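Please read the following briefing alongside the sequence and the structure.

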Amino acid sequence: MELWCRGVKVIVALCLATAACGSGPRRDDALEVRLRRAVDAFLSSHLVPGASVAVIANGRLVHVESGMADLATQRPVGAGTQFRVASVTKLYLAALVLRQVERGRLALDQPIGVNALALPPDLAFAQQLTLRQLLSHTSGLGQTFTRDDDRHRTLSTADLLKRIPTPVCRPSTCWSYGDGNYVLAQLVLEAATRRPLRDVLRHELLEPYALRETTLVDASALNRRLPAQYALVIDDSGRLVEPHRLFEQSLPRTATLVTTAADAARFADALFGGEALNPASLAEMLDTGVMRDLPCPDGCPFTYGLGVFHYEVAGHELVGHDGSSGTVVVHDRKRRLTVAILTNGGEQDMGGFLATVLHAIDHRDR
């Protein structure tokens, strides 16, 4: 849902010369050269501080990096730079839930209350919601927003549950994107597996698919070398007036998923290539029938399955997810093409960034 949002922007002192950004070609590879040129150009024209882009095409992984992870220290983005991926995490969580459905530990259409969840009284109604409604954002819950007192602190499960707002519609009567859906889905997953999400993620996805640069970190941890997040303040006339470094959490959470572009691409390639889920589960994940034709209080720019958006960009039919941190991870099933774009903010025209990368892959000059 965030793919074409341009409300959060960044003012940065970008190095315009490729050599100055430390992004010269490492190999004589045509696709890598085209990607590097396209990424450098997009960063400089859209005031994006730094980015890492990975592409898996014809079974081959190519990735490029450009710009700065931290403007204050002039630390460049490298191949191993991990980025916060915000709502792209929903893709991982939905896959974890569906793997438990395959094993009979969970059921998509059973009320989540059968898992004996400890919900506060004002969320008692949620006991009757189903995982299908939660994962498809058809539960009726509205969006959860950050509070000022959430800055630099880890929120408990109880804190997260308190921040889930009242419903905007009855279950299955509208499509309303809301992070609270996935807070509840995580609670159900942990109850079914009797393990915290961190352990389930590691056991089910990270270790089997060798995603060594992907992890959940404490949302309040400031001692990791994660890229700084930036925003841009603009006055009424459109003039840039103040560079602003964002606080670490863009939304309340107990932990945040961080990964590299290469790892994100490998995960999406395995997921949508049919390795992580069986055919029936993948079909459930991709099916948009649950939300199709439902009204949307905040608009429905794209169709949604279970943790998966469907996009059409630059002539490609894509499935995947984007995040408010300036990230998008998508897969073209017809071409078995995967693209992961991770940034630390900027003028968040992620649809434009994705189109730029796809044009470079398709040999088309913009």
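Among contacts in the protein chain between residues at least 6 apart in sequence, what percentage join residues at least 24 apart? The share is 68%, where contact means heavy atoms within 4.5 Å. This is a predicted model, in which local features need pLDDT of at least 70 and side-chain atom pairs count only at pLDDT 80 or more, whereas totals for chains, interfaces and linings use all residues. Residues are numbered from 1 along each chain as its sequence is written, and side-chain values use heavy atoms, with hydrogens and water left out.

**Overall make-up**

- The protein chain holds 9 helices and 13 strands, which are DSSP runs numbered from the N terminus (helices: H or I, at least four residues; strands: E, at least two).
- Of its 366 residues, 57% count as buried, a term for under 20% relative accessible area, with exposed meaning over 50% and partly exposed in between (1.4 Å probe, protein chains only).
- The accessible surface of the protein chain comes to about 15,100 Å², and 50% of that area belongs to carbon and sulfur atoms; accessible areas come from the Shrake-Rupley method with a 1.4 Å probe, and for residues only the protein chains shown count as cover.

**Nonpolar core and Phe-272**

- The largest nonpolar core has 102 residues, of which Phe-272, Met-285, Val-339 and Phe-353 touch the most other members; such a core is a set of buried Ala, Val, Leu, Ile, Met, Phe, Trp, Tyr and Cys residues joined through side-chain atoms within 4.5 Å.
- Leaving aside residues up to four places away in sequence, Phe-272 touches several residues, among them Leu-91, Leu-282, Met-285, Val-308 and Arg-333.

**Leu-337**

- Leu-337 lies in strand β13, which covers residues 337-343, and counts as buried because its relative accessibility is 3%.
- When residues up to four places away in sequence are not counted, the residues that Leu-337 touches include Val-55, Ile-56, Ala-57, His-316, Leu-358 and Ile-361.
- The C-alpha atoms of Leu-337 and Ala-268 are separated by 9.8 Å, with the two residues 69 apart along the chain.

**Salt bridges**

- A search of the whole structure finds 14 salt bridges, each defined as a side-chain nitrogen of Lys or Arg within 4 Å of a carboxyl oxygen of Asp or Glu.
- Side chains of opposite charge can pair when their charged atoms come close.
- Glu-204 and Arg-99 meet through their side chains in a salt bridge (2.8 Å, N to O), and this pair links distant parts of the chain, with Glu-204 in helix α6 (residues 197-206) and Arg-99 in helix α2 (residues 89-102), 105 residues apart.
- Glu-204 is buried at a relative accessible area of 2%, and Arg-99 is buried as well, at 11%.
- The side chains of Glu-204 and Arg-103 also meet in a salt bridge (2.4 Å, N to O), and Arg-103 is partly exposed, with a relative accessible area of 42%.
- Arg-266 and Asp-263 meet in a salt bridge (3.0 Å, N to O) between their side chains; they are separated by about one helical turn because they are 3 residues apart in helix α7 (residues 261-272).
- In this pair, Arg-266 counts as partly exposed at 36% relative accessibility, whereas Asp-263 counts as buried at 2%.
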